[in-house]
Amino acid sequence: MVSLLASRAQRARTSVHQPTRGYRVFQGVNGVILTLVVLVTLYPFVNIIARSFSGERQIRAGEVALWPKGFNLTTYKIVFHDSMFWRNYGNTVLYTVVSTVIAMVLTTCYAYVLSKKDLKGRGVLVGAAVFTMFFTGGLIPNYVLVTSLGLKNSVWAIALPNAISVFNLLVMKAFFESLPSELEEAAEIDGLSTYGILLRIVLPLSKAVIATMVLFYSVSFWNSWFSAYLYMDRTELMPATVYLRNLISGATTGGNAGAGTDQLSQVGANIQAVTIVLTALPILCVYPFVQRYFVSGVTLGAVKG
Amino acid sequence: MKNTGQLSRRQMLSAAGFIGLAALTGCGGGEDGGDAKDLSKKQNGAMKEYRVGQQFKASESLSFSILHNNNPIYPMKDGWLFWQEVTKRTGITLKPVAVPLSDYEKKRSVLIGAGDAPFLIPKTYHPSEVAFVSSGAILPVSDYVHLMPNFLDKVRKWKLEPELDSIRQSDGKYYLLPGLHEKVKSGYSLSFRTDVLEQLGLNLPTTWDQVYDVFKAIKAEHPDKYPFSDRWSTNTPFPAAALLSYLGQAHGVKAGWTYDNLSFDTKAGEFVFTGATDAYRQVVEYLRRLVAEKLMDPESFTQTDDEAVQKLLGEKSFAISANPQELVQNYRYNLGKQVKGAKIEMVPVPLGPAGPVVMGGARLENGVMISTKALKSDTFVAMMQFVDWLWYSDEGQRFAKWGVQGTTYTYSGGRYKLEPGISLMGSNPGAPKDLQKDYGFFNGVFTYGGSWALVSSSFSTDERRFQDAMAQREQLPIDPAHPLQSVEQEQASLWDTPLRDHVTQNTLKFVLGKRPLSDWGDYVTELKAKNMDRLVGLHNTARERFKKENG
């Protein structure tokens, strides 16, 4: 039914300027389905926010859906006074900023070099990057490497091993390749050096893709917990994500396989909700503003007609 | 928020595989420290004479690294009185490596595999130490327990040798220093809304037949509700893990959390396959009847703990599995706020065909592994003495649990009382300090097991009543030792998991009525096709061999 409508709608779009009835029905159905998708996607967020303002009892009784019940701010006060949470939060900011800066510099340079078709050994360089997409040294060799380089318990353990995401690299490379080479030739004739071309011609023209990559990287660093968990030995070095993960999955693993029953109290459901809200908030705030680059940025690299 | 870095099964496998490799290379240099048995050069800081009842004090200040399971309920702090007091009393400074509780086991595997493990690796549950045995990264501690007078004393006093035998490997050694209990401490049982029972003129049930009758009566009164909706079905490999384990206990069979493919049949004198025994079938039949007659919520086997508790609080169900903490801190506390006049009590595990028994083998707790690297250190003897004092001496156990007398607690007339202003797990609401969070005592890493007097010293009234009733019961004999050799171990684990999965899946199918119980014979045939008999045979051979070699 829907596909029939869709094909009719397509005909309608190509042949007539005035939208036909079928096309309008299609748009209506489309709108309804997409609205449902939006609702399903938004519901967990709204629910968590509502929970964060609700009383523990109401959450436990399953009364909280979209609107807070038993409104209270004390949970926020409790979490705001938890110095370890803020310390870890600060770490998250630090790790994200440092890692994103390093990742952007390295990825941009690598991608720019790879975009030069006349580069000797280009295939090998691309291959080296792509190889790591399919094969990895494994967990323990990585751990041994990072440890023996003395990176443990420092921001470098998080920033350096994850500095180049091959996917992001390839997107950027495609984007640089799509820039007209005449521009760079003209710049060269006007006397710019290789670095000058990159910094003064190519990068200013690449704001969209750079914004997108910054977003990609920062979101993934913000959300990541595994490297920190693996390479950090002290609680005060952990990012907020590890704190959160420990709070949620650690505190609710039931009987811990039936043993150790005296360690079995639960972290309040509202404390979990508040922590989740606070951790997700910055990303939620930044997203709408970077979003406009987002769509154009990724498709810019794509092949155009 | 996504767990993008979640370890995949493949990564874990490769990690496990690499442990072997790392250990091979690690072991190459491992014998530099001279003869492993010769401890004369490893006496730095050790006490010449160290006996039971004596305070351990290192003759020079030393420090040992320790893996610390960081519980979100009491996150580790450097300023804990616990650390300072340990140093003051023993001269040992502990250097903790903090690992979030949520992923403790994974990081432990990585650290051991990478040869970067701290000397002391506590919070290890048997049999997870077995995975590291073949790598040689973990010390066969049984060779060195002669350095631990308190440990030996408690094993002898409480007759724990058979329990220790049960954790021995095929070389006759054990690799884990387990927590030792004087008596079995029971954890879980059923809890009922007693006010609802009173209205119906019912008593708390003491047998499983009575449990059935009580559910029947509640159902008659509330035909649109399920009398019983259970929990502990998620985050465990077994659905309704607590219920199955204590229901199984009443039938004398290991099920739920305690499930093990192998059980020792004392009458036949050999191992049999648990999931195919008559007792196991009876457990399944019992639950089948509850579900079929709509006395038990079929969602009990799939829902989250929160959902189950919400049904209880919303009066959609009237019974649920409990442990003493959950009973008081969760059910009773929340019911009190939500349902007027609600009362809830936990019963001693109802009796079944097996009579008043508790499972054997429950007197060992999680414990401490020791890295093989520690043996190369010249402070090895002092470290073992220290471990013995902190984890196994009466004084060390009391200290780890209650803290410093006069500062955190007072002791009189056989009772421990927290100092005013200190609370423990909500015992003293409004107190400015918490024994766990602010002082670092009562920490699961250091506190478990011990004499019944110490273990029961922190019981609430409910728990004391429950535990006293359970302590009257007879302990079933524990399975004889049947350690596999490493090649056998690999073979066994290939068979073990599919069999266990098949048992779990079909337990659910039978209970939920998706498979008729008349299919039981077919089910056993399927188990045979999955190498049930070969697995059982392997373990019976191992038992014979162990008996021959170790008497």
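Helix axes are lines fitted to C-alpha atoms over the stretch in contact, and angles run from 0 to 180 degrees between N-to-C directions. Helices are DSSP runs (H or I, at least four residues), numbered from the N terminus.

This is a predicted model, in which local features need pLDDT of at least 70 and side-chain atom pairs count only at pLDDT 80 or more, while totals for chains, interfaces and linings use all residues. Residues are numbered from 1 along each chain as its sequence is written, and chains are lettered from A in the order in which they are written.

In chain B, the axes of helix H11 (residues 305-313) and helix H12 (residues 324-338) come within 10 Å and cross at roughly 40 degrees. The crossing of H12(B) by H11(B) is right-handed (the near helix is turned clockwise from the far one by less than a right angle). To this contact (C-beta atoms, placed from the backbone, within 7 Å) H11(B) brings Val309(B), Leu312(B) and Leu313(B), and the residues from H12(B) include Tyr331(B) and Leu335(B).

Chain A is divided by an automatic or database assignment into domain 1 (2-72) and domain 2 (83-300). Their contact takes 8 residues from domain 1 of chain A and 7 residues from domain 2 of chain A. On the domain 1 side, helix H2 (21-52) and helix H3 (56-60) of chain A each give two or more residues; H2(A) gives the most, with 4 residues.

The classes are as follows (nonpolar: Ala, Val, Leu, Ile, Met, Phe, Trp, Tyr, Cys and Pro; charged: Asp, Glu, Lys and Arg; polar: the others, Gly among them).

| H11(B) with H12(B) | 5 residues | 3 residues | no residues |

Methods
Contact = placed C-beta atoms within 7 Å.
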